[in-house]
Amino acid sequence: MTTRALLAFTLVALLAGIYLFVNAPQALPDAAVTSGKKLSARDVLEICAAENATVRELYTKNIVEPGLKAGLKFDEKWREPTVDAGPLPALFLRETAKSLAKGPTRLGLFLGSDAPISKANQFTGLQAEAFQQMRRDRAPRHFFMDDVKANTAMFPDVAVAKACVDCHNRHVDTPKRDWKVGDLMGATTWTLAASNLSLTEALDMIAALRNGFRDTYVAYIERTKKFSSPPEIGKKWPSEGYYLPDPDSFMEEAERRMSRTTLDRLLSHR
Amino acid sequence: MKHSGPRNKVLHDSDSTIPVSLESAPPRTSTPRPPAVQPAGRRRRTGVVLGLVLAGAALGFLLFPGQEHLTAPGTMNTGHEQVACANCHQRAPGTVRQQLQADARYVLGMREAPADFGLRGVSNDDCLACHERPFDRHPVFRFTEPRFAEARKALAPHHCQSCHREHSGARVTVQAGYCVNCHATLEMKNDPLNIPHVELVSQGRWLTCLGCHDFHGNHVMDSRSRVADGVAARQIQKYFEGGVSPYPPQLRKPARQERADRDN
């Protein structure tokens, strides 16, 4: 009987071994492991932050600043049906972050400051400490958030246009009224719940970020269609009058500005 | 053949415990051997087979489509009564064999991440497939920012399920007053309230928050200037427990009736 039990056990173990380890079906991809050339989370976050900075500058300097002169408005409550306005640059970023959160990218984007207009964006804890260090050298800061297992990076957010400082200085809730162009106003915080990414995953992430920019701009253009006096949407930019570029034109210009730097960074990791 | 031990050693058969001698074994007679299987053993075996058949039938019945309510861990939450199980409980990728192989490899350290078996875990994505709203005041992803570490520890607001535990027969499964986790330093420069927000905060009147601000901002509500005009805490508690909404009925974006895959 003992011999029989041993035989039965051996047979079952053998069958289980074949069932479990002989690769007749294709093995499921291991989400935690990437093959081929890998980029660190730090590299990918730096590429994403550079792309974001380029688009924010494009939106601020080529849409908001000349748009204000042409009669367009930009407001915190731009999504309200009664407000004929577009998103402020900070809200453009917030919208992009929402779009990112919809996808499977595991990429998070946040904007904050030590002197924000909304208290909800006040840095505390690790971010406050990192931002104090950033104030000294304006260098990015990288750290790891243990509870959500995310690589985190903070990048300086500098006032690139007069529209930024004017709006912040005269806002009724601002805690600081002497911002100047070139000041470090805050920082973007990026989180990525992965240590390494394959080149394909990195490209997917960059594509998701660009989709986020597009989604946000499309939402703005859709909103303008309900304005009491809608701007003309096409190939022209607000510097030429009461116009807005269509999403393809906006993204084409954004990609023209972003792509070379991004490609150089990707190639440098080969 | 040389024997090293006593030649008349008595051996015991482990089953029948009949003494056996090597030399003086009595010649076999017509005495009948006991049957290999006792009637009691046969009955036991029949019982086991019958039990297995019944268990299989019961399992088959429970797994049959339409019987999910019998295996659900509790009553569906308010508003989810008509939601099909498969709307949230989606099949995990791969075949059963692929999943078992992946998990066996994970247990043996041959793979870094385990694979879901059968159904994949329900996540925020499954909730947002019906409840995603562009104007959400408190979207879950925002709470993954580093500065919400304490709030995550206290409330885990970065998971929908932390406040909306499904199969609870309720709407909200956390106690009102949770605003304290993030808004304890709240102050407003141009406060429209008859009792300023800063005063409400200093008095710890956290049950008044939801009187004027629904958490996700999905109800169309006018701003109020008197705290007393807000929805009473008692009504909010009933609403949390699954009762009628005390907020204005107009919604900015009602939930989808069928999930929309978010990454498409």
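1. Cys212(B) is buried, at a relative accessible area of 18%, where buried means under 20% relative accessible area, exposed over 50% and partly exposed in between (1.4 Å probe, protein chains only). The closest cysteine sulfur to that of Cys212(B) belongs to Cys209(B) and is 9.0 Å away, too far for a bond. A disulfide is taken here as a pair of cysteine sulfur atoms within 2.5 Å.

2. On the basis of the note: this is a predicted model, in which local features need pLDDT of at least 70, side-chain atom pairs count only at pLDDT 80 or more, and totals for chains, interfaces and linings use all residues. Residues are numbered from 1 along each chain as its sequence is written, chains are lettered from A and ligands numbered from 1 in the order in which they are written, and side-chain values use heavy atoms, with hydrogens and water left out.

3. Cys127(B) is partly exposed, at 22% relative accessibility. The sulfur of Cys127(B) has its closest cysteine sulfur in Cys160(B), at 4.0 Å, which is too far for a bond. Over all chains, the count of disulfides is zero.

4. The architecture of chain B comprises 10 helices and two strands; helices (H or I, at least four residues) and strands (E, at least two) are DSSP runs, numbered from the N terminus. Read from the N terminus, the order of elements is β-β-α-α-α-α-α-α-α-α-α-α. Chain B has 264 residues, of which 27% count as buried. Where residues of chain B at least 6 apart in sequence are in contact (heavy atoms within 4.5 Å), 60% of these contacts join residues at least 24 apart.

5. The interface between chain B and chain A buries about 3,400 Å², 55% of it on carbon and sulfur atoms. In chain B, the residues that lose the most area to chain A are Arg97(B), Phe141(B) and Arg147(B), together 20% of what that side buries. Buried area is the accessible area (1.4 Å probe) that two parts lose on being put together, summed over both. The contact involves 43 residues from chain A and 36 residues from chain B.

6. Three salt bridges are counted between chain B and chain A, a salt bridge being a side-chain nitrogen of Lys or Arg within 4 Å of a carboxyl oxygen of Asp or Glu. The side chains of Lys102(A) and Glu132(B) form such a pair, at 3.7 Å from N to O.

7. His158(B) is placed in the loop between α6 (149–155) and α7 (180–183) of chain B. At a relative accessible area of 12%, His158(B) is buried. Leaving aside residues up to four places away in sequence, His158(B) touches Val148(A) from the other chain, together with Asn124(B), Val140(B), Phe143(B), Thr144(B) and Arg152(B).

8. Side chains of opposite charge can pair when their charged atoms come close. The whole structure holds 26 salt bridges over all chains. One of them joins Glu51(A) to Arg210(A), with the closest N and O atoms 2.6 Å apart. This pair links distant parts of the chain, 159 residues apart: Glu51(A) is in helix α2 (residues 41–70) of chain A and Arg210(A) in helix α6 (residues 199–224) of chain A. Both Glu51(A) and Arg210(A) are buried.

9. Arg260(A) is exposed, with 64% relative accessible area, whereas Asp264(A) is partly exposed at 44%.

10. In chain B, Arg120(B) and Asp126(B) meet in a salt bridge of 3.2 Å, N to O. Arg120(B) is partly exposed at 24% relative accessible area, while Asp126(B) is buried at 3%. Elsewhere, Arg79(A), Glu95(A) and Lys98(A) are joined into one network by salt bridges that share partners.

11. On the surface of chain A, Leu11(A), Leu14(A), Leu15(A), Ile18(A) and Val22(A) form a nonpolar patch, with about 470 Å² of accessible area together. Patches are made of residues with over 30% relative accessible area and no salt bridge, with like charges joined within 9 Å and nonpolar side chains (Val, Leu, Ile, Met, Phe, Trp, Tyr) within 5 Å. Leu11(A) belongs to helix α1 (residues 2–21) of chain A.

Definitions and conventions. Areas by Shrake-Rupley, 256 points an atom, 1.4 Å probe, with all protein chains shown as cover.
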